[in-house]
Amino acid sequence: MNESHLWREHLQHGHWFRQLSPALQDSLLAAARPRSLAAGERLFQRGDAPCGLYAVLSGAMRIGAVSAEGKEALLTLVEAPHWFGEICLFDGQPRTHDAFAEGATSLLWVPQAMLLGLLERHPAYWREFALLMSHKLRLAFVALEQQSLKGAAPRVAFRLLQMAAGYGEVDGARRVLQLSQEQLALMLSLSRQTTNQILKALQQDGAVRLGYGEIEILDAARLEALARG
């Protein structure tokens with residue numbers, strides 16, 4: 001099996017790529033280039049020029065920003081088989097956030113010029129990339145609503161369930177999340193102490209099991225009940 005077939009096999013696990021027409025799938029894979037990043041290596045940073053679209057094949061990308069005072073805002077961890085970087089495709093503006101490899105990470109990169117050429121030849125494909133962006137916009141609105149209306153514990157429960165479900169991009173749900181308490185706290189704009197207290201309470205209730213750098217979901221129904229609260 002050649003490299004392109006392996007890429008396709010990985011990406012077919014994601015809803016967005018899977019629903020694309022065979023012709024568009026073929027065009028993306030033909031234009032794609034593999035990239036490998038070491039843990040902590042930067043892919044791009046806020047203010048960089050648009051460079052194209054990326055898909056995670058393995059590992060994870062840390063998307064966020066760091067203030068001048070060194071305070072970090074972690075928006076999300078992008079894992080396989082998610083695509084990211086599409087905002088700059090639409091507006092041609094600089095990157096809005098930083099992207100670093102959380103660990104050793106393998107990506108597919110479709111350069112900006114190739115994407116724009118493809119879209120010039122096939123304008124109908126714009127809709128597919130708009131669907132990719134609109135899905136993330138929906139998630140952002142939900143996150144804003146959660147932050148405004150929910151307490152800390154329901155937000156923790158909801159985010160764990162979202163991550164387990166791959167933010168709606170993959171079939172089924174994972175039980176074990178490769179996620180530290182510090183990362184979860186940053187994503188929810190909570191203190192590490194508050195997050196730790198909530199997770200310990202969830203562990204005592206039998207909803208999760210805490211390990212080193214991971215959180216295992218034992219009782220999704222309990223988390224769903226808390227998230228609704």
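Leaving out residues up to four places away in sequence, Q162 is in contact with L139, V142 and Y167, where contact means heavy atoms within 4.5 Å. This glutamine belongs to helix α7.

A quick word on what you're looking at. This is a predicted model, in which local features need pLDDT of at least 70 and side-chain atom pairs count only at pLDDT 80 or more, while totals for chains, interfaces and linings use all residues. Residues are numbered from 1 along each chain as its sequence is written, and side-chain values use heavy atoms, with hydrogens and water left out.

**The overall picture**

The protein has 10 helices and 11 strands. These are DSSP runs numbered from the N terminus, with helices being H or I of at least four residues and strands being E of at least two. Its C-alpha trace spans about 55 × 40 × 35 Å along the principal axes. Of the 229 residues, 41% are buried. Among contacts with a separation of 6 or more, 70% are between residues 24 or more positions apart.

UniProt has an unreviewed entry that puts the feature "domain: Cyclic nucleotide-binding" at residues 16-119. UniProt positions follow the numbering used here, feature names are shortened, and annotations may be inferred rather than shown by experiment. In the model, that span is 25% helix and 41% strand, and its end C-alpha atoms lie 17 Å apart.

**The nonpolar cores**

Back to helix α7 for a moment. The largest nonpolar core has 25 residues, and V156, L160, L179 and L223 touch the most other members. A nonpolar core is a set of buried Ala, Val, Leu, Ile, Met, Phe, Trp, Tyr and Cys residues joined through side-chain atoms within 4.5 Å. Two or more residues each come from β5, α7, α8 (181-187), α9 (192-204), β10 (208-211), β11 and α10 (220-228). Helix α7 gives the largest share of this core, 6 residues. As for L223, not counting residues up to four places away in sequence, it touches A157, L160, L161, L202, A207, V208 and I217. Apart from this core lies another one of 23 residues, including A32, L57, L89 and L115.

**Salt bridges**

The count comes to 11 salt bridges, each being a side-chain nitrogen of Lys or Arg within 4 Å of a carboxyl oxygen of Asp or Glu. Here are some of them:

| Pair | N to O distance |
|---|---|
| E79 and R174 | 3.0 Å |
| R175 and E216 | 2.9 Å |
| E216 and R209 | 2.7 Å |

Take the E79 and R174 salt bridge. E79 is in strand β5 (residues 72-79) and R174 is in the loop between α7 (152-164) and β9 (176-177), so the pair ties together parts that are 95 residues apart in sequence. E79 is buried at 18% relative accessibility, whereas R174 is partly exposed at 33%.

Next comes the R175 and E216 salt bridge. R175 sits in the loop between α7 and β9, and E216 in strand β11 (residues 214-217), so this pair ties together parts that are 41 residues apart in sequence. R175 is partly exposed, at 45% relative accessible area, while E216 is buried at 14%. E216 also meets R209 in a salt bridge, and R209 is partly exposed at 33%. Through shared partners, salt bridges join R175, R209, E214 and E216 into one network.

Where does Q25 sit? Q25 is in helix α3 (residues 22-31), and is buried, with a relative accessible area of 5%. Its side chain joins that of R8 in a polar contact of 3.0 Å. A polar contact is a pair of N or O atoms within 3.5 Å; within protein, one must be able to donate a hydrogen and the other to accept it, and residues adjacent in sequence count only if both atoms are side-chain atoms. Leaving aside neighbours within four places in sequence, Q25 is in contact with R8, Q12, F17, R18 and L20.

How values were computed
Buried < 20%, exposed > 50% of the residue type's maximum accessible area, 1.4 Å probe, protein only.
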